[in-house]
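Let me put the structure up, and then we can walk through it together.

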Amino acid sequence: MPTNVRTLVRSQILFIAVGVLALLAIVSAAFWLDDRYGTIASQILDARDLKSASVDLGALIQRAESSQRGFLYTENEIYLAPYDLAKEAALRDINTLPSRGEAYADLVPVAERLKQVITDKFAEMDEGIRLTRSRERSEALDLVLTNRGKALMDEAMVYINGLSLAADRRLTSLVSEQTANTLWQRLVSIVGAAVVAAAAFAALFTIIRYARELSRAHIMLSAANTQLETKVANRTADLAKSTEEMRTAKDRAESLVLEVNHRVANSLAIVSSLIGLQANASGDASTKTALTETQSRIQAVALVHQRLYSSDNVTEVALDDYLRSLLDQFQTTMGDDKRISLSYHLEPISLRTDATVNLGVIAAEWVMNAAKYAYPERVGPVRVNLTRGVEGDALLSVEDDGVGRGTGSAQGTGLGSRIVKAMATALRGRVEYVDRNPGLSARLAFPLSA
């Protein structure tokens, strides 16, 4: 079965993973066993110290008893010097036995009992020495004949031998465990090394097999390339011819689009001029106002097409440049009858052609409304702002410091509001009118993907 790249990669990852796991097993076992070696070594030292302390304690008690008996028989104080030294060392060592036996939970009561027995034994021997010094030899002899001292000595030696035997058993167990751990370490190392070697061999075999298949495929591909070169040469000539024809058609289409936009812009300009002439010739104020508003709306549409045929991009319009031209044209159209002072802050934003037409009509409607209703008795400012949002949207606002919307019935025919609502719906935008006290802010939030 041929080996593809995916199979090769998967097999190499598998072999590497097996090798890494084997190495981790070896390293983990080595670290664990090394830590265990340290623990066992410490426990061996503790067991050895316990055995040594037990043997030394037994020897000290026997030495103290021998010195005490020598003093009882001879009343020679020279025997008391070894006795005192042995007693001091024995009492010091017996106080350390409970802590040495903490690793042997079952020996802690034994060590406590041994401490009590040795204390009683030295108390018995001290009593014999006191009676002897007081010349009460018969009482001292009676004390010896009670055999209490012998019983205490025998009991102490039983416990001491028990501690020594427990230490010996502990040493034997620890040495056996250390030997077993050494064998385990060798076994893990041998098995891990075998697994790593097998994984490396399998990986090498797979790579060699893939290289051979790749070489055969390369030979076949070279032969196929030779056949394809002729076909490609023929197709290249055909494609070059087709590309040239497509380029010619594209240039013709672009020229046609520019020409269409130019003609639409000119036609709309003529219509706007005719409407302007009709407005100037009309004697009815309401008719003149309606014609003027219609002229402004047509100019907003015409300006988009003017931007398109004067730009290399026929699908998008720069909103900032477009609105700036639209507002400047609107202020020029007002002539001497300037009821507002226009200012604007426009961030550089691009929008699709059809959406730009909708936005321009909305901006023109709001500016015309501000010019008609915001300042009935004076001239005031109107500010137009275009800003980019943070989530792929934009905000167009037209605000003034005039009389606001008020609470009465809407002024005018309501056509402008319907136009704004229709255009905003096409933009998938949201219209909001906010009373500023004084003035009004008309806002349109719309997605740039509209």
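Let's start with a pair of helices. Helix α1, residues 5-74, packs against helix α3, residues 108-133, at an angle of about 15 degrees, and their axes are 10 Å apart. Angles under 35 degrees count as roughly parallel, and that makes α1 roughly parallel to α3. The crossing of α1 past α3 is left-handed.

So who touches whom here? On the α1 side you can find Leu57, Ile61, Ala64, Glu65, Gln68, Arg69, Phe71 and Leu72. They meet Leu114, Ile118, Lys121, Phe122, Met125, Gly128, Ile129, Thr132 and Arg133 in α3. Sorted by class, this contact of α1 with α3 has 10 nonpolar, 3 polar and 4 charged residues.

Let's stay with α1 for a moment, and please find serine 11, which sits in that helix. Is serine 11 buried or exposed? Buried means under 20% relative accessible area. Serine 11 has a relative accessible area of 14%, so it is buried. Now look for alanine 202: along the sequence, serine 11 and alanine 202 are 191 residues apart, yet in space they are 8.9 Å apart, C-alpha to C-alpha.

Helix α8, residues 353-374, and helix α9, residues 415-426, have axes that come within 9 Å and cross at roughly 150 degrees. Angles over 145 degrees count as roughly antiparallel, and that makes α8 roughly antiparallel to α9. Here too we have a left-handed crossing, with α8 passing α9. From α8, the contact takes in Asn358, Val361, Ile362, Glu365 and Trp366. From α9 come Gly416, Ile419, Val420, Met423, Ala424 and Ala426. Which classes do these residues fall into? The contact of α8 with α9 divides into 8 nonpolar, 2 polar and 1 charged.

Let me finish by zooming out. Please keep in mind that this is a predicted model. The secondary structure of the chain comes to 9 helices and 7 strands.

Definitions and conventions:
Residues numbered from 1 in each chain as written. Predicted model: local features only at pLDDT ≥ 70, side-chain atom pairs only at ≥ 80, totals over all residues. Heavy atoms only, no water. Axes fitted to C-alpha atoms, helices over the stretch in contact; angles between N-to-C directions. Helix = DSSP H or I, 4+ residues; strand = E, 2+ residues; numbered from the N terminus. Parallel < 35°, antiparallel > 145°, perpendicular 65-115°, else oblique. Left-handed = near helix turned anticlockwise from the far one by under 90°. Contact = heavy atoms within 4.5 Å. Nonpolar A, V, L, I, M, F, W, Y, C, P; charged D, E, K, R; others polar. Buried < 20%, exposed > 50% of the residue type's maximum accessible area, 1.4 Å probe, protein only.
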